[in-house]
Amino acid sequence: MDRPLGHSPTPTPPLFATAASRRSASRPRPTRRLATVVVATLLLSGFVGCSAARKEGGGEGKPASIELLNVSYDPTRELYRSINQAFADDYQKKHGAAVSIKQSHAASGSQSRAVIDGLEADVVTLATWPDVEAIAKAGLVKPDWQARFDNKSVPYHSVVVFVVRKGNPKGISDWPDLDRDGIEIITPNPKTSGNGKYSFLAAWGSVLAAGGSPDDARGFVERLYRRTPVLDTGARAATATFSQKGIGDVHLTFENEAHLEVEESKGELEIVYPTRSIRVDPPVAVVDTTVDRKATRHAAEAYLGFLYSPEGQSIVAKHHYRPWTADAKGPPEGFPAIEMFDVEFVAGSWDDAMKNLFGEGGEFDRIYQPAGASN
Amino acid sequence: MTSKPRDAATASSPLGLLLIAGAVATVGLLIVAPLASVFVDAFSNGPRAWWEALAHDPDTRHAIWLSLTVAPVAVIVNTVFGVAAAWLVARFRFPGRSLLVSLFDVPFSVSPVVAGLALVLIFGRQGLLGPTLAWLAVKVIFAWPGLVLATTFVTLPLVVRELIPVMEAIGPEEEMAAVSLGANGWQVFWRVTLPNIRWALLHGIVLANARAMGEFGAVYVVSGHIAGATDTMPLRVEKLFQEYRTPASMAVASVLAALALLTLVAKVFIERQLETESKELEAARVPGADTDPSTGGLGK
């Protein structure tokens with residue numbers, strides 16, 4: 001019977017002293033109106049949020065300047081900072097248009113996944129072939145991407161080397177030294193990291209190249225990962241684990257990352273080149289769906305093309321990546337000679353490597369589980 | 001007050017001293033030392049280098065600006081939602097009410113990384129709403145709205161959780177009195193409800209803001225790590241650290257830490273206000289409010 005009371009301008013006072021009225025099912029009207037207002041405000045604030053968001057997105061589409069997003073892997077941050085500057089100047093000079101390049105860096109596998117999930121990369125410059133291929137399989141990059149640029153769309157190479165502590169206290173000079181008791185190895189997780197995959201393949205291939213059998217290789221790699229105390233998700237996290245947290249005796253990493261790590265350590269670390277190691281082929285690709293929608297294909301293709309130009313290649317070399325043009329005839333200038341094998345030598349093909357080594361239930365799963373599950 | 005001498009005796013006993021030393025050492029080691037080291041590292045190259053690291057790096061500047069926009073938007077959404085939701089829960093009884101209250105707590109129990117991944121699964125290109133969003137040309141994940149969504153999600157319980165107990169303690173009587181005197185909805189809200197809950201609301205806002213500024217996990221997943229576009233301050237700290245720019249990284253971290261300290265001061269101040277207010281409320285309630293039996297019969 002309290003509904004009419006809600007309407008009456010002066011209800012009887014006792015009602016408002018009751019705690020019970022709070023629990024009653026029907027409400028006085030004005031309160032209900034308040035609820036409507038609150039809900040309306042909530043919706044309104046949602047709209048404000050949306051329009052703010054649209055404004056944010058709209059700012060990128062200014063016709064005066066082109067903006068590219070390069071989705072890359074961990075150790076290329078410094079390289080692309082230099083490349084982006086040089087390319088912007090070059091493009092401005094040749095085409096009279098301002099280009100600014102935004103960078104995204106994380107573990108190569110995660111980056112590939114992010115692009116598939118909608119990270120709007122104009123170009124991807126990732127660590128391994130499967131990372132770009134996965135994007136192609138998702139339909140964002142045309143299947144012929146490898147043929148679009150020279151050297152199977154690999155503008156620079158690297159090689160997996162060792163980083164050790166000052167004075168090399170554990171006397172690590174080649175792969176068999178990693179097999180000694182008590183040597184702790186730092187390398188990122190091959191499931192997420194390109195560096196991790198290459199390190200795994202390098203260790204495996206080092207046994208095969210020295211004349212060992214696949215079983216020898218499996219045993220060697222298994223012992224290595226047993227003595228890997230931390231498996232970081234990306235190359236940079238692994239570098240921090242080794243150089244800044246001081247964990248481990250040897251860090252398996254790309255030559256370019258090794259140089260940077262050693263320079264940063266101010267004499268606390270040094271590089272060791274093993275007799276042989278794996279050649280790293282980081283591929284690049286234009287993301288067709290993005291550049292077609294944003295109409296940035298010209299700049300995106302020029303950007304990746306710039307990596308192959310003499311200026312691009314000299315910047316590449318300055319950042320300790322091996323220029324591709326020189327790789328047929330001995331080591332490029334300033335790079336030590338090292339016997340190199342490729343992924344095909346170790347695993348047949350990247351597809352096989354992904355399936356047999358890094359796939360669900362593959363070699364890596366078989367190797368790494370015992371360490372974690374202790375059985 | 002009579003227990004004071006005994007307290008003093010306990011505190012000076014060997015066990016008491018040991019416990020105090022343990023507590024001080026723990027707080028010092030886990031809280032004070034890391035916090036101090038952030039500031040020491042941040043200023044390791046002098047205040048000028050600190051300022052340059054913050055103001056002269058466009059990506060860092062953008063990260064600070066981004067955090068200062070994403071956090072307030074998330075906090076505003078949470079404030080509006082929190083007030084509405086707390087009011088609903090405190091003033092109404094309906095089926096599913098306790099379920100709703102438990103749902104408010106989900107962001108506390110779900111790992112932020114999982115929350116971020118869930119957002120990707122819904123709003124990502126391959127997600128549930130992916131095709132619709134692509135058709136509308138609206139970017140959510142790996143863009144500003146995604147950061148706001150993730151931040152709003154993790155801070156969702158903070159305002160509403162703060163308000164429910166206060167609103168329940170205050171009760172609906174004053175609001176109903178206002179209605180009876182002819183106040184409309186807005187007047188009731190601005191003149192009665194809001195003044196009553198203002199300190200609790202402010203407390204919730206301060207906590208939500210602190211959490212929003214510092215959020216890493218959920219934002220990490222949905223950001224896409226685009227420097228100068230989707231890196232918030234905590235993400236920038238990590239990125240600079242990984243780029244071997246530790247002093248710059250710590251400079252950004254010091255700003256975050258300073259914000260946290262400010263929050264702490266605000267929180268202490270607000271908590272004092274809340275305490276006096278709840279004492280006043282209690283004092284006011286003693287004579288009338290609990291004498292239900294006399295009027296309880298009138299409700300039905």
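Student: What should I know about the numbering and the model?
Tutor: Residues count from 1 along each chain as its sequence is written, while chains are lettered from A and ligands numbered from 1 in the order in which they are written. The model is predicted, and local features need pLDDT of at least 70, side-chain atom pairs count only at pLDDT 80 or more, and totals for chains, interfaces and linings use all residues.

Student: OK, which domains is chain A divided into?
Tutor: Domain 1 covers 63-155 + 282-308, and domain 2 covers 157-280 + 326-373. Those bounds come from an automatic or database domain assignment.

Student: And how many residues does each give to the contact?
Tutor: Domain 1 of chain A puts in 17 residues and domain 2 of chain A 18, where contact means C-beta atoms, placed from the backbone, within 7 Å.

Student: Switching topic, what's the strand order in the open sheet?
Tutor: Four strands of chain A run in the order 2-1-3-9, with mixed pairing. Strands are DSSP runs of E, at least two residues, numbered from the N terminus, and two of them pair if DSSP finds at least two bridges between them.

Student: Which ones are the edge strands?
Tutor: Strand 2 (98-106) and strand 9 (284-286) of chain A, each pairing on one side only.

Student: How many bridges join strand 1 and strand 2?
Tutor: Nine, in the parallel sense, with strand 1 of chain A spanning residues 65-73. In strand 2 of chain A, A:Ala106 is the bridge partner of A:Tyr73.

Terms used: Contact = placed C-beta atoms within 7 Å.
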